[in-house]
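Trainee: Before we go through this structure, could you take me over its charged contacts, its pockets and its surface, one topic at a time?

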Amino acid sequence: MGLWLAGMLGVLLLAGFVALSVMAGGPKDALYMLRYALPHMHRGKLRPGDNAPDARLLALNGKEYFHLRERTGARPLMVVFGSYT
């Protein structure tokens, strides 16, 4: 009974890893996601309408830094985290 249960658990873990590999783009990406992303994932406490937390950001010229609180005011500010390559 114990061997059968261990075998079924192994099959379920393997099926879960295969599914995660398909979603992540491959086994290597799935391992990186499990290694780095999952331990740091948590729900934040921000709600719509809350002020954004302050952050130090690099300006577009690549040399200067500014704080997010310096740019928020009467006009909306949109920060895009992504790659354009």
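This is a predicted model: local features need pLDDT of at least 70, side-chain atom pairs count only at pLDDT 80 or more; totals for chains, interfaces and linings use all residues.

Trainee: Which residue forms a salt bridge with Arg69?

Mentor: Side chains of opposite charge can pair when their charged atoms come close. In this pair the closest N and O atoms are 2.1 Å apart, and a salt bridge requires such atoms within 4 Å. The pair links distant parts of the chain, 15 residues apart, with Arg69 in helix H3 and its partner in the loop between helix H2 (27–37) and E1. The partner of Arg69 is Asp54.

Trainee: Is Arg69 buried or exposed?

Mentor: The relative accessible area of Arg69 is 53%, and the class of exposed residues begins over 50%. Asp54, at 38% relative accessibility, counts as partly exposed. Arg69, by contrast, with its 53%, is therefore exposed.

Trainee: Which residues are closest to the centre of the largest pocket?

Mentor: The largest pocket has a volume of about 420 Å³, and 16 residues line it. Strand E1 (56–58) and helix H3 (68–71) are the elements that give two or more residues to this lining, which by class has 13 nonpolar, one polar and two charged residues. The closest to the centre are Leu58, Leu60, Phe66, Met78 and Val79.

Trainee: How many charged residues are in the lining of the second largest pocket?

Mentor: About 160 Å³ of space lies in the second largest pocket, and its lining includes Asp54 and Arg69, the two partners of the salt bridge. Asp50 is also among the lining residues. Besides five nonpolar and two polar residues, the number of charged residues in the lining is three.

Trainee: Is Asn51 buried or exposed?

Mentor: Asn51 is one of the residues that line the second largest pocket, and its place is in the loop between H2 and E1. Its C-alpha atom and that of Gly25, 26 residues apart along the chain, are separated by 35 Å. Because the relative accessibility of Asn51 is 69%, and the limit for this class is over 50%, Asn51 counts as exposed.

Trainee: What is the area of the nonpolar surface patch made by Met1, Trp4, Leu5 and Met8?

Mentor: Met8, one of these residues, is found in helix H1 (residues 2–24). Residues of a patch need over 30% relative accessible area, and Met8, at 37%, is partly exposed. The area of the patch is about 540 Å².

Key:
Residues are numbered from 1 along each chain as its sequence is written. Side-chain values use heavy atoms; hydrogens and water are left out. On a 1 Å grid over the protein atoms alone, a cavity is a set of points where a 1.4 Å probe fits but cannot get out, and a pocket is an open set with protein on both sides within 12 Å along at least five of seven lines; lining residues have an atom within 4 Å of a point. Grid points are joined across faces, edges and corners, and a volume is the space filled by probe spheres set on the points. Helices (H or I, at least four residues) and strands (E, at least two) are DSSP runs, numbered from the N terminus. Ala, Val, Leu, Ile, Met, Phe, Trp, Tyr, Cys and Pro count as nonpolar, Asp, Glu, Lys and Arg as charged, and the others, Gly among them, as polar. Patches are made of residues with over 30% relative accessible area and no salt bridge: like charges are joined within 9 Å, nonpolar side chains (Val, Leu, Ile, Met, Phe, Trp, Tyr) within 5 Å. Accessible areas come from the Shrake-Rupley method with a 1.4 Å probe; for residues, only the protein chains shown count as cover. A salt bridge is a side-chain nitrogen of Lys or Arg within 4 Å of a carboxyl oxygen of Asp or Glu. Buried means under 20% relative accessible area, exposed over 50%, partly exposed in between (1.4 Å probe, protein chains only).
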